[in-house]
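Open your viewer and get your selection tool ready. We will go from one stop to the next, picking residues and looking at what surrounds them.

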Amino acid sequence: MPSYQAHLYQAQHNEQLLSELVANLSYKDWVVTVAFYTAMHYVEAHFFNDPNIIHSDTSIPIDNQGKWLHTPHVWRMELLRNNYPQDVWKSFRSLYNESRIARYLLSQSGKAVTTDAQTHWTDAEAKDFVNIDLNTIKNSLGFC
Amino acid sequence: MSDSVNSLAIAGHAYDTSHIARDTRQGYASFVNLLPMYFAGKYWCFYLSDDKVREPRRIDPLKESVSFFFATPEIASVHIGEDVFLSSFRKFVSSLAIKWYDFEGEIITNSSVNYLPLTDNMFSILFERNSFAHSLIDIEPSRDEIINLAMARVAEAYSKVEDVSAIYVYRYLDDTNFVILLENTKYSRSLMDRLLQLEYDLLKQNPLLTMHFFYMPKLYEGRTDVIHPGAELIYDRDTNAILSGSFVSSTT
């Protein structure tokens, strides 16, 4: 299980890449994807200092056979919704949804979809994922 | 007698009794509150108020329930217009009549979802107004009943967003996953804000379930390209129907 420092390091590492991606916006699908994973590591770093959570994966409820009842992504969003301000949940949800769409923009089941990342998001919208959503999460969690 | 057939039989009783209820405001309130829950959940209802979920109750039998509500003074404090009630009730009875003749008494599955489009006003009232139908007998609802109610709420909420073209649901682990197909091909922050606010409210309304939503713009050629093979269609704007039991393979 990664430590607080490990999550923080990875978040900052991702954010450095994100600043390069935002600089020319030639890979908007990766802008939103890296923005989401940056946010995820900031969130996990914050979870680490909460004794009731520590890490999303280790706090997922299990059934009688010890199997997870929820996927880590879904459970992480439940933790955010139940323990953090709504704007943090909303920004994280937005990034997660768009990062999933970024995958569909490449291909799904071997079939090309009808548009690509460069046309699906405008330059301004791609930047907003960082300037609005990621920064909302960082600010609220005290990482700015 | 199956639950569905039994429900239809009781619907006849409810319709007859409505003539009596027509002259009393408390009667309108009783039916508006009672009938949707009765038929939606096969005797189950759920009561939500101010984010607090009260224990689900069972209403059975209907005759006793109706008598109970007519005799309860506090019902009079519910102010529901006569026109709203009668309009909704006519649609409701019509929908049941159609099913009755179509199926000739055969088992009608998932009736809770199928008649939703015809009872929109009633469901709006059910979901948004206080109900007094909760104070009868305590019985735990089944998991399927909780999920069915959540599905109905999700379909009801998102069908009001013009950009939503269809809604699918599938289960994975203990998660109930909804895929909301959108009409737009480009990202819209304002639309996402609206959808996420609906999601937030629905999550609060359904605390007994872990639900997840995915909003998919129209970036695909066929729905099978993006929908889980086992997903169930619960809303389709093309047919203007809230459905259940129809699978993705038959809808593309």
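Which helices do the buried residues of H1(A) pack against? They pack against H2 and H7 of chain A. A residue is buried here if 20 or more other C-beta atoms lie within 10 Å of its own, exposed if 12 or fewer, and partly exposed in between, with C-beta atoms placed from the backbone.

Before going on, a word on the model: this is a predicted one, where local features need pLDDT of at least 70 and side-chain atom pairs count only at pLDDT 80 or more, while totals for chains, interfaces and linings use all residues. Residues are numbered from 1 along each chain as its sequence is written, and chains are lettered from A and ligands numbered from 1 in the order in which they are written.

**Stop 1: helix H1**

Select residues 4-24 of chain A, which form H1. Helices (H or I, at least four residues) and strands (E, at least two) are DSSP runs, numbered from the N terminus. The end C-alpha atoms of H1(A) are 31 Å apart, which agrees with the 30 Å that its 21 residues should span at 1.5 Å a residue (1.5 Å times one less than the number of residues).

Now colour His7(A), Ala11(A), Asn14(A), Glu15(A), Leu18(A) and Leu21(A), the buried residues of H1(A). They lie on the same side of H1(A), because they cover an arc of only 120° around the axis, taken from the directions from the helix axis to the C-beta atoms. Turn to the face away from that buried side and you will find exposed residues, including Gln5(A), His13(A), Gln16(A) and Asn24(A).

**Stop 2: all of chain A**

Of its 144 residues, 42% are buried.

**Stop 3: where the chains meet**

Bring in chain B. In all, 26 residues of chain A are in contact (C-beta atoms, placed from the backbone, within 7 Å) with 23 residues of chain B. On the chain A side, H5(A) gives the most, with 9 residues.

**Stop 4: the largest nonpolar core**

Such a core is a set of buried Ala, Val, Leu, Ile, Met, Phe, Trp, Tyr and Cys residues joined through C-beta atoms within 7 Å. The largest has 66 residues, and among those touching the most other members are Phe92(A) and Ile167(B). Helix H2 (residues 28-48) of chain A gives the most to this core, with 11 residues.

Beyond its neighbours within four places in sequence, Ile167(B) is in contact with residues including Val154(B), Phe178(B) and Tyr235(B).

Note on methods:
Contact = placed C-beta atoms within 7 Å.
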